[in-house]
There are 2 protein chains.
Amino acid sequence: MPAAATPLVILGIDPGSVVTGYGVIRMRDVEPVLVTYGAIRPKGSDVIGRVADLYDRVREVIAEFAPGEVAIEEPFSRVNARSAFVLGKAQAAAILAAAHRGIPVFTYSPAEVKQAVTGYGRGSKEQVQEMIRLLLRMPATPQPADAADALAVALCHQAHRRTAALTAGAPTRRNST
Amino acid sequence: MPAAATPLVILGIDPGSVVTGYGVIRMRDVEPVLVTYGAIRPKGSDVIGRVADLYDRVREVIAEFAPGEVAIEEPFSRVNARSAFVLGKAQAAAILAAAHRGIPVFTYSPAEVKQAVTGYGRGSKEQVQEMIRLLLRMPATPQPADAADALAVALCHQAHRRTAALTAGAPTRRNST
């Protein structure tokens, strides 16, 4: 892999209506290594202020950790329309914060994330968190859960990249609606 | 009203999953006057490209017509979660395009828009379009419907501003989730 000399940094984002989790990993050869993780609680008295604040704070994370690629979870499958509307706004803020820096963005469904991390796509939330802990050699499962979910989507993207490298193709930009 | 010397330009936006309508009006004394209207069909092979393109094109409209305030319709009430997720992203792109230029953004529900334009909030789509035509002295109802809806939200904001001016208060920034 020609990129081995420059370790790739991946930023995973799990957009939420109240809390947006983020997690940063980097590649050491073919192994993922934890860089950081955390949760963003956008400030603002209304949705307009909160969307703008989330955009700004994702940009700050990008500026600090300089990811080469961003992976975002698509959270729409099991929520009502009102929640989906808010989640869509949070996801758009994260997408635009990355796209405006020229960073490639990839999206993954919750099922793809689970499958990549646990191998079957049917793991419980606890199993997913335990796998993240093991894969990243952490002393305890990452908290809050939003940050763990963000690390999971970063690991999912890393697994897709590895598969793509093994099959000699570049990872495909994900289509979603 | 101290702002009378500088006619206020209002940009109305109706975010859509495929087409986002926009409409620009300006105030001549207390009368709204049509400036322009149109529809944006964002280009891009995936949702990431389309969200970024919509953001860019709303910025172009803002750069060309220099609105002092932006009014956006909240479209979530009668759609499924999947549509709401896409609409949320479109609305966020419009919100951020305006907020990043420092332009105040206001949101209105579909019921508020109908009520402001037809007086009762129960008008049919055709009645709303006919009222827009009459209020803006247009020879025919604006097409496509997305552009008509965008002009309606601009007129709704103008009506709220007028009410606020009559009651000696500034229009309140809308809270929504």
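Tutor: In this predicted model, helices H1(B) and H2(B) cross in a right-handed sense.

Student: What makes the crossing of H1(B) and H2(B) right-handed?

Tutor: A crossing is right-handed if the near helix is turned clockwise from the far one by less than a right angle. The crossing of H1(B) and H2(B) is assigned to that class.

Student: Why are H1(B) and H2(B) called oblique to each other?

Tutor: Helix H1 (residues 47–65) of chain B packs against helix H2 (residues 81–99) of chain B at an angle of about 40°, and their axes are 8 Å apart. Angles under 35 degrees would count as roughly parallel, and 65 to 115 as roughly perpendicular. The pair is therefore oblique.

Student: Which residues of H1(B) and H2(B) meet?

Tutor: From H1(B) come B:Val47, B:Val51, B:Leu54, B:Tyr55, B:Val58, B:Arg59 and B:Ile62. Facing them in H2(B) are B:Lys89, B:Ala90, B:Ala93, B:Ala94, B:Leu96, B:Ala97 and B:Ala98. By class, that contact has twelve nonpolar, no polar and two charged residues.

Student: What makes the pair B:Glu74 and A:Lys89 a salt bridge?

Tutor: The closest N and O atoms of B:Glu74 and A:Lys89 are 3.8 Å apart. The rule asks for a side-chain nitrogen of Lys or Arg within 4 Å of a carboxyl oxygen of Asp or Glu, so the pair B:Glu74 and A:Lys89 counts as a salt bridge.

Student: How is the size of an interface often given?

Tutor: It is often given as the accessible area lost when the parts come together. Between chain A and chain B the buried area is about 3,000 Å², with 69% of it from carbon and sulfur atoms. Each chain brings 36 residues to the contact.

Student: Which peptide bond of chain A is cis, with omega near -5°?

Tutor: The bond from A:Gln143 to A:Pro144. A:Pro144 sits in the loop between helix H4 (125–135) and helix H5 (145–166) of chain A. In chain B, the bond from B:Gln143 to B:Pro144 is likewise cis, with omega near -5°.

Key: Residues are numbered from 1 along each chain as its sequence is written. Chains are lettered from A and ligands numbered from 1 in the order in which they are written. This is a predicted model: local features need pLDDT of at least 70, side-chain atom pairs count only at pLDDT 80 or more; totals for chains, interfaces and linings use all residues. Side-chain values use heavy atoms; hydrogens and water are left out. Axes are lines fitted to C-alpha atoms, for helices over the stretch in contact, and angles run from 0 to 180 degrees between N-to-C directions. Helices (H or I, at least four residues) and strands (E, at least two) are DSSP runs, numbered from the N terminus. Angles under 35 degrees count as roughly parallel, over 145 as roughly antiparallel, 65 to 115 as roughly perpendicular and the rest as oblique. Contact means heavy atoms within 4.5 Å. Ala, Val, Leu, Ile, Met, Phe, Trp, Tyr, Cys and Pro count as nonpolar, Asp, Glu, Lys and Arg as charged, and the others, Gly among them, as polar. Buried area is the accessible area (1.4 Å probe) that two parts lose on being put together, summed over both.
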